[in-house]
Amino acid sequence: MAEILIIGAGGVGRVVVHKCAQEKTFDKITLASRRLSSCQAYQKEVKERYNKDINIAEVNADSVADLITLFRQVKPDIVLNIALPYQDLTIMEACLQTGIHYLDTANYEHPETAKFEYKEQWAYHDRYKEAGIMALLGSGFDPGVTNVFCAYAQKHYFDEIETIDILDCNAGDHGYPFATNFNPEINLREVSANGRYWENGTWIETDPMEIKMVWDYPQIGKKDSYLLYHEEMESLVKHIKGLKRIRFFMTFSQSYLTHMKCLENVGMLGIEEVEHQGCKIIPIQFLKTLLPDPASLGSRTKGKTNIGILAKGKKEGKERTIYIYNVCDHEATYKETLSQAVSYTTGVPAMIGAKMMMQGIWMDKGVFNMEQFDPDPFMEALNQDGLKWFVKEL
Ligand code: NDP
């Protein structure tokens, strides 16, 4: 039995708190966030749905001192960072200073430069090891389950994987002309950046959306898929044997791309402060205020997501292609957790990662990415906890 502290009561935080409340491993749950009102709403849902009491707290996760005060009051066994990537380092630091295990779903992002990388988080490895605690990085779907799919392919299907394409499709329709399915600031910074993929030991940069392919997603159909840079590639190139190329593709509708281009052209995706009638504003943060809250999309979203990996390589000298994927239905996830499938596919693996750690199945000292552990128990938990997966030999 373990005590868990979840930080961040947004779209993904709601799923994490619902799934942890359904799971026997966690006997005490605390949800903390910037605003107590968001925590109170989810506390009420959990009581009504599962007749379970959870504790709530207000915290500024940008402050290491505030976090330490909270951790000393709550005394959790593990802290889940389900706030934003900007808070990864403060929460990791507070965990280190208090000797508590850490988990997140997205790698550290510098607020002032639209850039994300593992460097600063990996730099904690030796200090976490000395302190006898563990950090599990990127336990969402992508990163997260996609890393586990790669490790599973490597363990069961290949002697060597030569190429991997990660394929992410959200065919959900929320009925708004434009909205993002997770935090708009993080999402728009990611998709408007240059693309990047890794081939023969070097990173190759592309213009945003320069490379497009059409993929036929099971249960969805053919969709335009665009090459993006995505963080799991940074750790996978280190850990997957024999890899020669890895790319990441995500689907976007023409309407989404047109809206994004217009917003970019008029400066609304800017991350630098601008002066507006005597106030200083950051355009992309103002845009977030205008756009629908991703946590509110659940009740209106219909359709499915399909995220998977296509791996090519050799087994016993023969060429082989394996496709591992999950399909998730927005309406079904809303029924279960009052959340759309993008939040659900992120929140469920976060709960499973914490469960693996607290049950000692995935436990070590230091800072780790998902593919560094045995994928089998995690894959089994995905099937049990709502994210059924399929393997196809192509
Ligand atoms: P939301 O914006 O909906 O939620 C973020 C929550 O964190 C909000 O409740 C917010 O509070 C809170 N928060 C923000 N800053 C602070 C702070 N300084 N102190 C305390 N609380 C804070 O985001 P999502 O739920 O959509 O996303 C959560 C995380 O999941 C993000 O890191 C995102 O990148 C990641 N993600 C990962 C995916 C994956 O597959 N790996 C996929 C999708 C998302 P407030 O309500 O007051 O703003």
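This text leads through a predicted model, going from its ligand to its cavity and then to its salt bridges. In this predicted model, local features need pLDDT of at least 70 and side-chain atom pairs count only at pLDDT 80 or more, while totals for chains, interfaces and linings use all residues. Residues are numbered from 1 along each chain as its sequence is written, and side-chain values use heavy atoms, with hydrogens and water left out.

We begin with the ligand. There are 27 residues around the ligand, of which Val12, Arg34, Arg35, Thr105 and Asn183 come nearest; a residue counts as near if one of its heavy atoms lies within 4 Å of the molecule. Sorted by class, this shell has 13 nonpolar, ten polar and four charged residues, where Ala, Val, Leu, Ile, Met, Phe, Trp, Tyr, Cys and Pro count as nonpolar, Asp, Glu, Lys and Arg as charged, and the others, Gly among them, as polar. A polar backbone atom of Ala9 is 3.2 Å from an oxygen atom of the ligand, and a polar backbone atom of Gly10 is likewise 3.2 Å from a ligand oxygen atom. For Gln87, a polar side-chain atom lies 3.3 Å from a nitrogen atom of the ligand. On its own the ligand has 930 Å² of accessible area, and the protein covers 94% of that area (Shrake-Rupley method with a 1.4 Å probe).

Next comes empty space. Rolling a probe the size of a water molecule over the atoms shows where empty space is left. The largest cavity has a volume of about 30 Å³, and its lining is formed by Gly11, Arg14, Pro294, Ala295, Leu338, Ser339, Gln340 and Ser343; a cavity is a set of points on a 1 Å grid over the protein atoms alone where a 1.4 Å probe fits but cannot get out, and lining residues have an atom within 4 Å of a point.

Finally, there are 21 salt bridges, each a side-chain nitrogen of Lys or Arg within 4 Å of a carboxyl oxygen of Asp or Glu. Among them, Asp376 pairs with Lys155, the closest N and O atoms being 2.8 Å apart.

Definitions and conventions: A polar contact is a pair of N or O atoms within 3.5 Å; within protein, one must be able to donate a hydrogen and the other to accept it, and residues adjacent in sequence count only if both atoms are side-chain atoms. On a 1 Å grid over the protein atoms alone, a cavity is a set of points where a 1.4 Å probe fits but cannot get out, and a pocket is an open set with protein on both sides within 12 Å along at least five of seven lines; lining residues have an atom within 4 Å of a point. Grid points are joined across faces, edges and corners, and a volume is the space filled by probe spheres set on the points.
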